[in-house]
Amino acid sequence: MIKYLLTNILFLVALLSFGQLNQGSGKISDTSVPVQVIKNDSISALKADSLAVATGKAVNDSISKKPVLESIITYSAKDSIIPDFENQKMYMYKGGVINYQNIELKADYIMLDLAKKEVYAEGLPDSTGNIVGDPVFKDGDEEFESKTLRYNFETQKGIISDVKTSQGDGFVHSDLTKKISKDEFVLEKGKYTTCDAEHPHFYLRMTKAKVISNKKIITGPAYMVLEDFPIYFPMIPFGYFPNSSTYTSGILIPTYGEEQSRGFFLRDGGYYWAASDHFDLALRGDIYSKGSWATKMHTNYKVRYRFSGSFDFSYNLNKYSEKPLPDAKTSKGFSLTWSHSQDSKANPNSTFSASVNMSTSSYDKENSFMNNRTSVQTYLQTQKSSSISYSRKFENSPFNLSVNLRHSQNSRDTTISLSLPELTFNMTKINPFKVKNRVGPVKWYEKISFSYSGNIKNSISNVKEDQLFKKSLIRDWQNGWRHSIPISLPSFNLLKFINLSPSFNYSERWYTSYINKRYDPNLQYVSPRKDNIAIDTVYSFRRNYDYSYSISASTNIYGMYTMTNPNSKIKAIRHKITPQLSFSYTPDFGKKKFGFWGTYVDGSGKTQYYNHFENAAFGSAGMGESGAISFNLNNNLEAKVLEVNDSIAAKKDEKLQYKKVKIIDVNASTSYNMIADSFKLSPIGLSARTTIKGVDVNMGGSLNPYMVNEKGRVIDDYVWNHKSGLGKLGRLTNANMSFGMNFDSKKEKSTKESENKPKGAEKTALADDEYEYAEFKMPWSFRFDYMLSYNKSYVYNSVTKTARPVTNINQSLNFGGKLSLTEKWNMDMTTNFDIQAMKFSFTTVNITRSLHCWTMSFNFVPFGDRKSYSFTLSASSAMLRDLKVSKQSSWRDN
């Protein structure tokens, strides 16, 4: 970067020697005229205020010169511009500025010596004796500062003192800099730092250094200086720093540390390959002194206006203890993430996207570090899912196609489910009887519409991770093809306010296999099965279908109460009741004529029913005829409230603004099967939601209308038929409630007075009879969530021959908060308290302190199996991430 300062000053000086000069300001442009001879290389006025240098040729000899200037040079000085023709010098004082294209040079003192072919620039003392107006050179976005500058434009060599220049995320200070060739510079007593302060809080002191522009920086012996205190040990014998602004490949320096269980380590070391403008690749690895290791790959790719994404893969092997010790073990794991998105402009009719996040259940547990929020979330996460999707719309048609590959896994029980692939072909709703050129009113049959959805799926569910690749694609994977055709008949109004909507649904499933069950007394069963039931799988094509009819009715009932008090902010309260009633009929597909269900006689002589398609990809038609009436009742209470800011408008009789505020929403639902021979009424579901001063409260529950006998079994006898029944609606079998609140400090109001307040001012001048005080600011936020769940069941006691009720109540509180003690001190905490167990679960505390160019962080997990802590004092810049002091205790050492 220093090359720009010296080389461009050479060019500017040469240009100025051929320019026009005015005291105070002026501009220079190329005249392209012959130059006359001037003896003894003196300066002579060829015409008004113009300068020219002798060429040394004979009198009246002239040459044709090429244009010197590519654009106009402008210059000015706030004080004066003084030429010295005798000594061939020109002086610029106070605020001297030279501009050429995008180059700008500023200094309070600039001297051009044409006899020595040198330029010299420096600052000048002000009235207090302080030096101001030091040379500043700008070339586009690049800027350089120095105390003094001397440059010879004939030899192209120069010396600069006390120069400061930015290099990427860092800054280079040099007491003395010398340009020795076109692209090479040497520094003496140089400093490299990422601190932007005038006097850096820390820096790497380079005794000597050589800079090759846009290539590299090579240093001799160097050492760290922290707050002007030199740290000679460890001394760096030499250093090599790539100095290129282009997209380049390079070695990734690893981080180092120690764990008690895995030993000393080097993490995230490797190589970065800048392959092209469209993608890159980073290969990293970890190695531990006790045998553990890991390898990682990361790549980003992007094609403008087409697609972009990233891909990560990690594999690790962890070794704990050593054989033949009893606690010796080895665990292997991998993690794969892929994110891909297509630009909407690439193809409006087809899209391809991917969001893949899968790993072995042990990977996140073994490789999560409790020193950042991402690792904490990874550790607490028990569910993962992935999807790779391609979809296409067919122009000018109602058809569309989608192909998906889905994945889900539970790290708690190490089960995984896959759908590879899942294809869906849809046809949007059409009206087949609609007349294109119809004359007259719409006929009822023109409103008949139907749609189609076809789904092909090949899947496996809830299989253990270590057994996935051992499963047979034919015997263990479920596959099938489902067709769904919903038909909507014209809706009509009954008694003007009741809307009736009839419909018909048909669904058919195709399978390539089905099962038969039989009782075999000689069967050698496998634990835990002890029923001697043999299951035979028959591989043959079979159809399975069902259909149903339904009709639904709905309406809205409104009630309004208007406030009579004109000063009330509540104008009115509205009550909206939405009853919905529907009837659906489904035939008994368990009959023998359909062939979907089979029977066998067990060892006790009882006939047992089973489905030939149980555990199939899309299920099967059910057994039993159903003629159910479903009922749903929704109650919504709202208020019309005056806007708070319109209270002033109300006094001025201006137009007022109101807003709707939801008070409470209550919903109840149940169904009644008229055809069933028993248990016709289903449980009654209740739910409610309200907001109280910004707090969302959610409640729900289920009421069972049937009694329980002495053995704890539900019997076909309604609760309200017995005086001992709990209420007239039914037994409360389960309930839940949750709510949460946010608290935070008041936001600071922005005023002109506060904006104009000097930085660092802490006191405000008050009246004589008042005390001065310091402005107190401590932004904070706090949130808590409360969750309650209730569940009641019955357990039969074979000794007493009676059943006793078992009530399970779970309550938990989640806390989380942030606190900024000062502008530089920050703290956040998350925890969970189990009220039933009366103890805290996973808890994290994080404290950070900004030290301008350094950052101090403390992360603490106080208890549990992840109990750990880490303390780090490191440079804030990512370039110097390995410049740190770290002390930690890993959860693996517990």
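**A walk through the strands and salt bridges**

Asp286 has a relative accessibility of 9%, so Asp286 counts as buried (buried means under 20% relative accessible area, exposed over 50%, and partly exposed in between, with a 1.4 Å probe and protein chains only). Before going further, a word on the ground rules: this is a predicted model, where local features need pLDDT of at least 70 and side-chain atom pairs count only at pLDDT 80 or more, while totals for chains, interfaces and linings use all residues. Residues are numbered from 1 along each chain as its sequence is written, and side-chain values use heavy atoms, with hydrogens and water left out.

Back to Asp286, which sits in strand β23 (strands are DSSP runs of E, at least two residues long, and helices are runs of H or I of at least four, all numbered from the N terminus). Leaving out residues up to four places away in sequence, Asp286 touches Leu266, Arg267, Asp268, Trp293, Ala294 and Lys296, a contact being heavy atoms within 4.5 Å. Its side chain also reaches the backbone nitrogen of Asp268 at 2.9 Å. Gly270 is 16 residues from Asp286 in sequence, and the two C-alpha atoms are 9.0 Å apart in space.

Strand β23 covers residues 279–288, and Phe279 is found in it too. With 35% relative accessibility, Phe279 counts as partly exposed.

Another aspartate worth a look is Asp108, in strand β5 (residues 103–113). Its relative accessibility is 10%, so Asp108 counts as buried. A polar atom of the Asp108 side chain lies 2.9 Å from the backbone nitrogen of Gly95. Gly95 is also among the contacts of Asp108 beyond four places in sequence, a list including Met92, Tyr93, Glu122 and Val132.

Now for the salt bridges: the structure holds 16 of them, each being a side-chain nitrogen of Lys or Arg within 4 Å of a carboxyl oxygen of Asp or Glu. One of them links Lys147 and Asp134, with the closest N and O atoms 3.1 Å apart. Lys147 lies in the loop between β10 (142–145) and β11 (148–152) and Asp134 in the loop between β8 (131–132) and β9 (136–139), so this pair ties together parts 13 residues apart in sequence. Then there's Arg543 with Glu508, at 3.0 Å from N to O. Arg543 belongs to strand β37 (residues 542–554) and Glu508 to strand β34 (residues 498–511), so the parts tied together are 35 residues apart in sequence. Arg543 is partly exposed at 39% relative accessible area, whereas Glu508 is buried at 11%. Asp286 turns up here again: salt bridges with shared partners join Asp268, Asp286 and Lys296 into one network.

Finally, look at β54 (residues 854–861) and β55 (residues 868–875), which pair in the antiparallel sense over eight bridges; strands pair if DSSP finds at least two bridges between them. Thr855 stands opposite Ser874 of β55. Their hairpin has six residues between the strands, and Gly864 there takes a positive phi near 95°. On to β56 (residues 884–889), which runs antiparallel to β55 and is joined to it by six bridges. Here Tyr869 has Ser889 in β56 as its bridge partner.

Notes. A polar contact is a pair of N or O atoms within 3.5 Å; within protein, one must be able to donate a hydrogen and the other to accept it, and residues adjacent in sequence count only if both atoms are side-chain atoms.
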